[in-house]
Amino acid sequence: GGYHEDHHLGALGLLYAPGLVPSNLALYDQRLGLQWIKQNVAHFGGDPSLVTLAGSSSGSISVGIHILSPLSAGLFKRAILLAGAPNSDLVKSPQTALAATKELVFRLNCSSSAAEEPSSSSIACLRRKSAEEISNGIGLNHMLDGVLFWPVYGDENLPTMPGIALKEGKFNRNIDVLYGVSDREGSYFAAQALPKLLSDHANLTVASTRADIADLVTKIWKKDYAKEVVDFYTGDLVNCLKVSEEELK
C-alpha cells in the first residue's frame with residue numbers, strides 16, 4: 001500500500017518535527033509487518049528466506065526505501081516496484097519536510113505564522129485536532145494547494161539522500177528487483193485536478209487538453225520544461241486524430 005492506507009496516515013505517519021515527533025512512523029509500521037511475516041510465515045507454509053515486497057505508486061517508493069534502509073536489512077529477498085522509486089523528489093529533505101509541518105500547524109491555528117518553528121505547545125495543539133481537521137488542513141486537492149507529507153531522509157530509516165545512496169552503493173544487497181510501471185496512473189491525478197476531463201459537457205479539444213495537462217504538470221513538479229515533455233508524449237496524438245478524421249470523410 002501507499003502512504004494513505006494500512007498504516008499511520010498522512011501527517012499522522014509522516015509529520016516531521018525533530019525532537020518533538022519521531023520521523024517516518026509510517027515506515028516503522030510497514031517494517032513491523034515485514035518483521036511479523038519473517039517470524040511467522042513458516043507457520044503458513046511460506047519461506048521466510050523468500051519474502052517478496054511489492055508496491056505501486058507511493059507503495060513502490062516504500063519498497064525502494066526499504067531496499068535502502070539499514071533497518072530493513074534481511075527482512076525480504078525480492079522486491080517489485082511499479083511506478084515509483086526511492087530517489088524520486090517525493091522523498092523529502094529535512095528542510096522541505098519541516099516546511100510542510102510548519103504550514104499544517106499554521107493552517108490548524110496552532111501557530112501564528114507558517115515560518116514559526118514547531119514547539120512542544122504547537123505540536124500539543126496539533127495532537128488535540130481530530131483526524132478530520134488534520135485531513136482538511138492538509139487539503140483535498142493536495143497536488144496543487146495542499147500540504148504533502150512524504151518520507152524524509154536524514155534519520156536512521158534513510159541516513160543518506162536516496163539518489164546519493166544509490167550512487168554510493170549504500171543499500172541492502174542480495175535483493176532480486178523487478179521494476180515496472182502502472183498503466184494510465186497519471187490519468188487519475190489529472191482527472192482529480194482537472195475534473196472537466198471527465199465531464200460529458202466540457203468543450204474539450206486536443207490542443208486545450210494538452211495545454212491544461214502541461215499547466216498541471218508544471219504546477220505539480222514546478223519544472224519549466226513541462227510543455228516540452230507533454231508535447232513529446234502527445235504529439236503523435238494530434239496526427240493520429242487528423243488521420244482518423246480524414247478516413248471518416
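A residue counts as buried when its relative accessible area is under 20%, and the exercises below apply that cut-off to a predicted model.

**Exercise 1. Find which residues of helix α2 are buried, and name elements that cover them.**

Step 1. Helix α2 takes in residues 25-40, and the residues in α2 that fall under the cut-off are Ala26, Leu27, Gln30, Arg31, Leu34 and Asn40.

Step 2. The cover over these buried residues of α2 includes helix α1 (10-14), strand β1 (52-56) and helix α3 (58-68).

Step 3. As a check on the helix itself, the 16 residues of α2 should span 22 Å at 1.5 Å a residue, and the end C-alpha atoms lie 23 Å apart, which agrees with that expectation.

**Exercise 2. Locate the disulfide of the structure and state which parts of the chain the pair ties together.**

Step 1. Searching the whole structure gives 1 disulfide, and this link joins Cys110 to Cys125 with an S to S distance of 2.0 Å.

Step 2. Cys110 sits in the loop between α4 (94-107) and α5 (120-127), whereas Cys125 belongs to helix α5, so the pair ties together parts that are 15 residues apart in sequence.

Step 3. The angle about the S-S bond is -70 degrees, and the link of Cys110 and Cys125 is left-handed; both cysteines are buried.

**Exercise 3. Describe the largest nonpolar core and list the contacts of Leu126.**

Step 1. This core has 18 residues, and those with the most contacts inside it are Ala11, Leu15, Leu104, Leu126 and Phe149.

Step 2. At least two residues of the core come from each of α1, α4, α5 and α6 (131-138).

Step 3. With neighbours within four places in sequence left aside, Leu126 is in contact with Leu15, Leu104, Val105, Leu108, Cys110 and Ile134.

How values were computed
Residues numbered from 1 in each chain as written. Predicted model: local features only at pLDDT ≥ 70, side-chain atom pairs only at ≥ 80, totals over all residues. Heavy atoms only, no water. Helix = DSSP H or I, 4+ residues; strand = E, 2+ residues; numbered from the N terminus. Expected span 1.5 Å × (residues − 1). Buried < 20%, exposed > 50% of the residue type's maximum accessible area, 1.4 Å probe, protein only. Contact = heavy atoms within 4.5 Å. Disulfide = S-S within 2.5 Å. Core = buried A, V, L, I, M, F, W, Y, C linked by side-chain atoms within 4.5 Å.
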